[in-house]
Amino acid sequence: QPKGVSMTHETHSIHDFDYRLICEYFASVERQGPGSPEVTLKALGFIDGLTPASRIADIGCGTGGQTRVLAEHAPGTIIGLDLFPDFIHSFNAKAQAAGLQDRVQGVVGSMETLPFADEELDLIWSEGAIYNIGFERGIREWRRFLKPGGYLAVSEACWFTESRPEEIERFWVDAYPEIDTLANKVQQIQQAGYVPVANFILPENCWTDHFYTPQVPMQERFLQQHPGNAAAADLVAEQRREAQLYQRYKAYYGYAFFVARKL
Ligand code: SAM
């Protein structure tokens with residue numbers, strides 16, 4: 001059974017759940033992790049040289065909220081790849097509805113065994129998903145699929161401060177031990193053979209307006225659809241707890257976007 005899909009990084013508690021429940025929960029919202037169209041476009045603004053012949057991969061694309069923004073503003077063809085067939089099904093239906101089916105295609109696959117040739121890609125995109133393989137392993141392993149001069153654009157959970165309250169430290173270290181400061185992530189990028197082109201912190205509305213708030217009405221519906229289902233109740237409780245932790249501790253952590261160019 002695949003690891004947790006949730007943005008929560010609460011993979012420990014989530015991965016015991018029926019993954020169909022998790023997919024059902026997250027398939028009904030536009031984004032499966034923090035982000036926004038504005039942030040996708042901001043990151044895209046640091047990337048030069050794309051043409052209609054460019055080949056782009058969006059890894060851990062989910063249902064493709066960010067992929068469609070990318071497709072509407074960048075030339076080239078985009079392969080969206082995700083582990084969960086239900087997400088890819090929704091991804092392809094939405095690409096079709098947006099008239100993007102000729103340039104955007106979703107495929108089921110794992111970020112651990114990417115179906116690309118060496119130096120095939122001009123751009124690897126991945127929002128809120130590289131943690132599934134681990135940041136350092138991901139940037140190192142994916143590099144070979146990029147052409148020399150190709151770009152990597154990933155978002156990743158980061159600490160904003162040198163130290164933080166114990167409750168939030170424990171939550172994150174338990175869920176994703178690789179969470180680290182932006183400075184350390186940039187160093188990893190450099191050491192992995194990329195030029196760090198840009199990095200910026202995602203604004204709060206990526207977590208609130210675009211991620212947690214749309215879940216609120218959906219959670220009630222989800223609970224009504226699964227009466228007496230303890231796994232469904234736990235899933236909702238975990239998401240609510242994560243949203244509360246964010247409100248309390250958002251000064252200490254968040255997501256950052258990293259744009260890098262392969263040497
Ligand atoms: N990029 C989307 C977004 O920002 O809305 C989705 C982010 S969601 C937090 C993480 C995604 O990674 C999920 O869609 C999940 O199914 C996918 N995922 C988890 N493990 C994966 C793996 N090994 N290979 C590919 N995708 C994976």
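Residues are numbered from 1 along each chain as its sequence is written. Because the model is predicted, local features need pLDDT of at least 70 and side-chain atom pairs count only at pLDDT 80 or more, while totals for chains, interfaces and linings use all residues.

User: Are helix 3 and helix 4 roughly parallel or oblique to each other?

Analyst: Helices here are DSSP runs of H or I with at least four residues, and strands are runs of E with at least two, numbered from the N terminus. The axes of helix 3 and helix 4, which are lines fitted to C-alpha atoms over the stretch in contact, with angles from 0 to 180 degrees between N-to-C directions, come within 9 Å and cross at roughly 50 degrees. Angles under 35 degrees count as roughly parallel, over 145 as roughly antiparallel, 65 to 115 as roughly perpendicular and the rest as oblique, so helix 3 is to helix 4 oblique.

User: Which residues of helix 4 make the contact with helix 3?

Analyst: Two residues are in contact if their C-beta atoms, placed from the backbone, lie within 7 Å. Helix 3 brings Pro-37, Thr-40, Leu-41 and Leu-44 to this contact, and helix 4 brings Gln-66, Val-69, Leu-70 and His-73.

User: Which residues of helix 4 are buried?

Analyst: A residue is buried if 20 or more other C-beta atoms lie within 10 Å of its own, exposed if 12 or fewer, and partly exposed in between, with C-beta atoms placed from the backbone. What covers the buried residues of helix 4 includes helix 3, strand 1 and helix 5. Those buried residues are Gly-65, Gln-66, Thr-67, Arg-68, Leu-70 and Ala-71.

User: Which residues come nearest to the ligand?

Analyst: A residue is near a molecule if its C-beta atom, placed from the backbone, lies within 6 Å of it. Of the 24 residues around the ligand, those that come nearest are Gly-33, Gly-60, Gly-62, Met-111 and Asn-132.

User: Which elements give two or more residues to the shell around the ligand?

Analyst: The shell around the ligand is drawn from 24 residues. The elements that give two or more of them are helix 4 (65–73) and strand 2 (77–82).

User: Is Glu-119 buried or partly exposed?

Analyst: Glu-119 sits in the loop between strand 3 and strand 4, and its phi is near 55 degrees, a positive value in a residue other than glycine. Most residues other than glycine have a negative phi. Because Glu-119 has 14 C-beta neighbours inside 10 Å, this residue counts as partly exposed.
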